[in-house]
Amino acid sequence: MALSPTWTSKSRTRGLILDAIRAARTISRVELAAATGLTGATISELVRELIDDGLVVEAGRGAPTGGKPRTLVQLDPGARYSVGVQMERNACVIVIVDLAGRPVARTSFHGVASMPPDQALPMIASQVDALLATAAVDRDRVLGVGLVSYGPQDRRAGMLLSPQPSEPWLEYPVAERLAQSLGLPVLLDNDAAAAAIGEYWMGAVDRRSTYGCIYMASGIGGGIVVAGEVYRGSSSNSVELGHMSIDVNGDECPCGNVGCLENYAGPSALVRQAAATPALAERLVPDPDTADFLTEFARIAAAANAGDPAARDLIERSARYLGAAAVTMTILFDVDAIVLAGPSFAVAGSIYQTVIQEEVDRRTVTWRTHPVRVMPSVNGPDAAAIGAAALVLQSELTHGRTRTEEGRGAGSHARPVVAVAGATSASI
């Protein structure tokens with residue numbers, strides 16, 4: 001049964017209330033008024049509307065505060081769902097999350113990178129369909145699909161702007177074609193930006209904070225979130241940390257820059273460095289030409305964790321380079337925290353966290369007016385896929401107020417969702 005549309009002229013205020021409930025997990029109407037600055041009458045009216053729409057439920061009573069115990073409200077996790085799809089060079093990860101942002105199903109598979117998009121996208125669609133069926137998720141409750149990948153993009157047009165993983169992907173309408181295959185709206189975004197906002201949606205950071213995210217999978221990316229909004233820049237291609245120059249005399253990168261961070265600190269760079277290090281080359285026999293360099297990188301990281309001095313030297317050197325990127329983030333954006341996200345932090349994350357924290361503490365003394373905490377992602381290796389699903393939830397739940405506007409900077413609420421004629425998705 002299709003769900004009734006509930007977007008009205010009050011959508012901006014509804015979004016504010018929903019986001020406050022999401023952040024608090026459980027909250028009373030009085031606390032909602034204090035958190036949002038809205039009147040008690042407005043809170044009562046819109047909370048009742050949200051309850052009637054099935055998005056919010058009452059959740060018992062809070063502790064007595066001298067008078068009648070206050071009734072608490074919370075999101076109904078099963079009221080809506082979204083799907084997150086992460087396309088990487090080596091693998092594709094798909095997750096389904098509920099309205100609270102909690103994963104309820106997951107799958108992953110290889111082979112997409114070796115296919116042209118007209119073959120890969122139907123394969124992804126079939127995997128999404130199968131996962132929804134396995135998880136017994138009512139398709140009418142699915143808001144849409146977040147599709148994230150690396151490199152420059154045109155979010156409004158739903159296409160990638162680089163020939164990766166191969167030439168046919170350049171300017172191919174990936175969002176539109178996947179939407180056609182699924183019959184669901186699709187939102188295209190950057191994997192690092194998705195990983196960053198996923199931390200916010202899961203409540204791992206204060207909703208008013210400014211924080212950065214260093215995302216490392218096969219490459220290195222970054223994201224900045226300001227009070228719950230991803231900093232977008234002019235074209236939503238901001239904070240490409242992997243392509244900041246750390247050596248003006250360094251080798252030329254395929255991106256056109258020289259001395260790019262990714263070519264010194266990224267997984268493929270470390271595999272090449274290990275192959276050129278006699279002690280490691282003899283023990284680990286890394287293959288610098290393999291397409292599956294993430295597996296080779298994981299072996300190096302595991303050796304570092306096990307106390308191999310040569311492997312640890314490589315990981316710590318990579319971490320110091322990433323520390324330089326974290327320092328730059330701190331100085332440019334005055335962040336409260338830096339989150340380390342992505343599958344390449346999964347094995348040696350504690351080494352990276354320690355070294356990057358040391359670099360930030362040591363190199364930002366002059367500018368530091370508050371502590372900057374370096375911390376691991378709460379979403380683990382699947383941070384980008386979970387964040388992709390969270391972007392759909394955020395777009396639908398809190399950004400309906402500016403659905404057709406493409407803004408700039410941290411306040412942009414553009415809703416680059418490609419809808420298909422005849423496609424249906426849950427309304428909120």
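Valine 285 counts as exposed, because its relative accessibility is 57%. This is a predicted model, and in it valine 285 lies in the loop between H9 and H10. The phi of valine 285 is positive, about 45°, although the residue is not a glycine. Most residues other than glycine have a negative phi.

Valine 239 is another non-glycine residue with a positive phi, near 55°. Its place is in the loop between strand E13 (229-230) and H7. With a relative accessibility of 16%, valine 239 counts as buried.

## A cis peptide bond

Most peptide bonds are trans. The bond from glutamine 164 to proline 165 is cis, with omega near 5°. Proline 165 is found in the loop that runs between strand E9 (159-160) and helix H5 (174-182).

## Cysteines

How many disulfides does a search of the whole structure find? The search finds zero. A disulfide is a covalent bond between the sulfur atoms of two cysteines, and the cut-off applied here is a sulfur pair within 2.5 Å.

For cysteine 92, the closest cysteine sulfur belongs to cysteine 213 and is 19 Å away, so the two are too far apart for a bond. Cysteine 92 is buried, with a relative accessible area of 0%. For cysteine 253, the closest cysteine sulfur is that of cysteine 255, at 3.7 Å, which is also too far for a bond. Cysteine 253 has 6% relative accessibility and therefore counts as buried.

## Helix H1 against helix H3

The axes of helix H1 (residues 11-24) and helix H3 (residues 40-52) come within 10 Å and cross at roughly 80°. The two helices are therefore roughly perpendicular to each other. H1 contributes Thr13, Arg14, Ile17 and Leu18 to the contact, and H3 contributes Thr42, Ile43, Leu46, Val47, Glu49 and Leu50. By class, six of these residues are nonpolar, two are polar and two are charged.

## Packing of helix H8

In helix H8 (residues 267-275), the buried residues are Pro267, Ala269, Leu270, Val271 and Ala274. These residues pack against strand E11 (210-216) and against several helices: H7 (262-265), H9 (278-284), H10 (293-305), H11 (309-333) and H12 (349-363).

## Confidence

The protein averages a pLDDT of 88, and 90% of the residues score at least 70. Over residues 1-9 the pLDDT is below 50, and this stretch has 19 contacts in the model beyond near neighbours in sequence. Residues 401-423 also have a pLDDT below 50, with 58 contacts beyond near neighbours in sequence.

Note on methods: Residues numbered from 1 in each chain as written. Predicted model: local features only at pLDDT ≥ 70, side-chain atom pairs only at ≥ 80, totals over all residues. Heavy atoms only, no water. Axes fitted to C-alpha atoms, helices over the stretch in contact; angles between N-to-C directions. Helix = DSSP H or I, 4+ residues; strand = E, 2+ residues; numbered from the N terminus. Parallel < 35°, antiparallel > 145°, perpendicular 65-115°, else oblique. Contact = heavy atoms within 4.5 Å. Nonpolar A, V, L, I, M, F, W, Y, C, P; charged D, E, K, R; others polar. Buried < 20%, exposed > 50% of the residue type's maximum accessible area, 1.4 Å probe, protein only. pLDDT = per-residue confidence, 0-100.
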